[in-house]
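Biologist: Please show me the model, and then we can go through it by question and answer.

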Amino acid sequence: MAYETIIGLEVHAQLKTRAKIFCSCSTEFGGPPNGHTCPVCLGMPGVLPVLNREVVNFVLKTGLALHCRINPFSRFARKNYFYPDLPKGYQISQYEHPLCEAGFLHIDLDGEQKRIGITRIHMEEDAGKNIHGEGSEPFSYVDLNRTGVPLMEIVSEPDMRSPREAAAYMRKLRTIVRYLDVCDGNMEQGSLRCDANVSLRRVGESAFGVRTELKNMNSFKHVEKALDYEVRRQARILDEGGSTVQETRLWDAERGVTVSMRGKEEAHDYRYFPDPDLVPLHVDAAWIDEIRATLPELPDEKMARFMTAYGLPRYDAEVLTVSRELSDYFEACNSVAQAPKVVSNWIMGDLLRECKGEDEALAQCPVNPDMLARMIQMIEQGTISGKIAKTVFGEMVKTGKTPEVIVKEKNLVQVTDEGTIAELVDRVIADHPEQVVQYRDGKEKVFGFLVGQVMKASRGKANPAVVNKLLKERL
Amino acid sequence: MDLFRWTIQEASAAFREGRCIPAELMASVNSRIEAVEDKIHAYVSVAGDAAVQQAASLSAGNEASPLWGVPIALKDNLATRGMRTTCSSKILESFCPPYDATVVSRLRGAGALFSGKTNLDEFAMGSSTETSYKGTTRNPWDLTRIPGGSSGGSAAAVAADACVAALGSDTGGSIRQPAAHCGIVGLKPTYGRVSRFGLVAFASSLEQIGPLTKDVTDAAILLKAIAGHDHRDSTSVNVPVPDYPSLLNGDVQDMRIGVPQEYLQVGVQREVREAIRNALDLLGAAGASIREISLPHTDYAVSTYYILATAEASSNLARYDGVKYGYRAEPVEDLLDMYRRSRAEGFGPEVKRRIMLGTYALSSGYYDAYYRKAQQVRTLIMRDFEAAFDVCDVLLAPTCPTTAFRIGEKVNDPLQMYLSDIYTISVNLAGIPGISIPCGFDGQGLPIGLQILGKHFDEATVLNAAYAYEQRTDWHGQRPAL
């Protein structure tokens, strides 16, 4: 049976504000347990929440970047449930009146663009953490440092049709929140979390099937793997004539399966109602304009500009704009080197390999854009060969020395003097009579071997063009 | 002379003129507490000698503040740093906040002294102090009767001169009703006039902190000290605070007084009705114009209130779970067992009843029929008042349908108990200010309260109308024989 996969994602992004959402405690990660707390985030009797406007600014930024409608009236609601890491017995969230609604973003898959709808973005507070100890004296402690750290929940429309699309959506969302500098986007550390709603329906049907909610996928890889598993699981049930049940399932990364956590009957009744301690939030046009003015160039715009302004292929433009750090690196490097495609090749190849694609590593990489640019200039000017440049690059990474110093110290300047190269060519011809005969008999492949021998004799420094030319003449 | 009988103005004048020092007054109040506390049980905890020492070490230079050196009693749902704040509940019996409520820090700043924490219905849920885990406070006018509630301890302490003035909180009448039953002045300010930071929440959208005092001028002084915007309470409103005491002139010439016809119908005790009529005659004679008005949605107020207040309470009281502070049942089997037993053992029956009512009202499938509908009715009730204030400056009504009932009389009939708040509850739903002042006694010598209501943030007119009545009567000077 052929099924269509329907996926919608609920993403929680931890906002990088300095203070918590309803008190002035630090949002800094770590610190001694309950060190970043006060009577307000501890939920002590009689205390009241006061909204941190920086949180609103961050969510407005995101809402605008995701083309959302900004609601002039929004309000906070209480989500009631008991858990030790939730000191008030309710989480302050938004329910009936979220700040942002009806937006979208574009994902790219195999060169095709697809628009994914954003249902809503709302603000809420994070909960704390329970810590359990096993052994002869088991204990359970609660650390409330994270309590009150601001989150925004971004809910997508059920617009994704495959796990790959879902993973692409997550990556794009991460790119955007990082461009906006509102979230560090680290899934492994939990600053970006994702729940997925998955259902299948027969191809051609328009009604949605019964969905399950997947939790506990804490990397991009796991989002895709968990969804793949879940899609196959549901398809198998349907193929066998069974029916799926509405439930919440956990991804077990170690076993590579999803397991049922709770059914529909056990679902919480959160008893949402408007929080009487917080006044409705009114966002006027002036406020929105103020935030709009702070928006950076976003990945889609930047990618388009990289293609038109630098003449880069779409793939290059996409890779280079995946983060602000990387695109800034490219532009800084190219402003000196003035060779977009060469710069792009070096960044996408050697540099990204070196940094394993991580922005932190890029920031700490000893090869700064200027060094890379000057090295590229040396290639363009014929001072070093492309091959030697690989060595120079490796040395720059290892030692942090400038390309000029490395080339000088290691005596890597390219040899273009025909006399010097001719000597080497003559020696290679003399040393390999057999291959010379083969070449003259029409075995053209041997030419490459002979070039290699000359290059080797020059310890890679001979100008390959000159080597080619002289070798051809002499054969 | 018994110093403890002083009002705020009398005490302040005596300090200014050097006739007395704060430590003397504090000691006098303490001795009064000792003398009457066995009979009335107004306090949950008293400051005692510590307050006298504090009085002695009060920094000079603040004498200009009318509250400098004045002993004030605080309802025990107001957070006091380093002083236990129990809400008269077992679940918070040993809770000692590391912070002051904003009103408390403002009073400290004004040089006030605190005589102690007063009794209340558990978490302010009740009209008689009978739901208190700390025992029932008795009405100083008749020790077999309730003082009213939930600020019954504060009202009884003021009536018995066991403090100079007190603060209470009013969620559905909890300042005005006990003030009426104890023959004193009690003012509920406009919602948003006084910061709620540090007031242990029962129903956040309804409650305000306000003064309970021996006369109207004291209420004006105390209100001025605690009112004003507070950045720690988003629902406190940033509007100027008038100098209430200086605005009291007793002039009601051409003041338009409305009388809600729905507030004088069946169920009102005859003597209460008469006292209100007399008050209207008196103010009419003083130059006010009196007219009947209608608040047509009055009948829905009690049911609306008990949906909204309990819904908010069910959520506000979720934090008492035995995890962080307060009572925890031990030993327990697991987390669920800890929650269940801590709450079952820590809360009294009325609190549990309200948590259950509120939880039900918010439940999926019932929300629209109860909570949302109640919010809609609340809007209609607000509009009733808005329409009335289009043609009136203040409204005048009884505070309660009857005088104080006997201890135990309604304790097993929650509906009868809830109905005793019928004239005070709408005011909280509408968020407007209201005052109760003494306006006579019934045949058994029990005080009757006159309620005056005003427009949002127009406490000045409410206070002045009350002052005009007080100037022309001497009910407020009467004290129970204890």
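Predicted model: local features only at pLDDT ≥ 70, side-chain atom pairs only at ≥ 80, totals over all residues.

Modeller: Residues are numbered from 1 along each chain as its sequence is written, chains are lettered from A and ligands numbered from 1 in the order in which they are written, and side-chain values use heavy atoms, with hydrogens and water left out.

Biologist: Which strands are the edge strands of the sheet in chain B?

Modeller: Strands here are DSSP runs of E of at least two residues, and helices are runs of H or I of at least four, numbered from the N terminus. Two strands pair if DSSP finds at least two bridges between them. In chain B, 11 strands form an open, mixed sheet in the order β1-β3-β2-β4-β6-β5-β10-β11-β9-β7-β8. The strands that pair on one side only are β1 (43-46) and β8 (289-293) of chain B.

Biologist: In β6(B), what is the bridge partner of Leu167(B)?

Modeller: Strand β4 (residues 165-170) of chain B runs antiparallel to strand β6 (residues 208-213) of chain B, and 5 bridges join them. In β6(B), Leu167(B) has as its bridge partner Pro211(B).

Biologist: How many residues of strand β6 of chain A are buried?

Modeller: Buried means under 20% relative accessible area, exposed over 50%, and partly exposed in between, with a 1.4 Å probe and protein chains only. β6(A) pairs with strand β7 (residues 112-125) of chain A in the antiparallel sense over 9 bridges, and the two form a hairpin with 2 residues between them. Strand β6 (residues 100-109) of chain A is mostly covered, the buried count being 7 of its 10 residues.

Biologist: What distance separates the centres of domain 1 and domain 3 of chain A?

Modeller: Domain bounds come from an automatic or database domain assignment. Chain A is divided into domain 1 (3-290), domain 2 (299-409) and domain 3 (418-474). Taken over C-alpha atoms, the centres of domain 1 and domain 3 of chain A are separated by 64 Å.

Biologist: Which residue of chain A meets Arg372(B) in a salt bridge?

Modeller: A salt bridge is a side-chain nitrogen of Lys or Arg within 4 Å of a carboxyl oxygen of Asp or Glu. Arg372(B), partly exposed at 31% relative accessibility, has an N to O distance of 2.6 Å to its partner. The pair crosses between chains, from helix α12 (residues 368-391) of chain B to the loop between β5 (90-93) and β6 of chain A. The partner, partly exposed at 39% relative accessibility, is Glu96(A).
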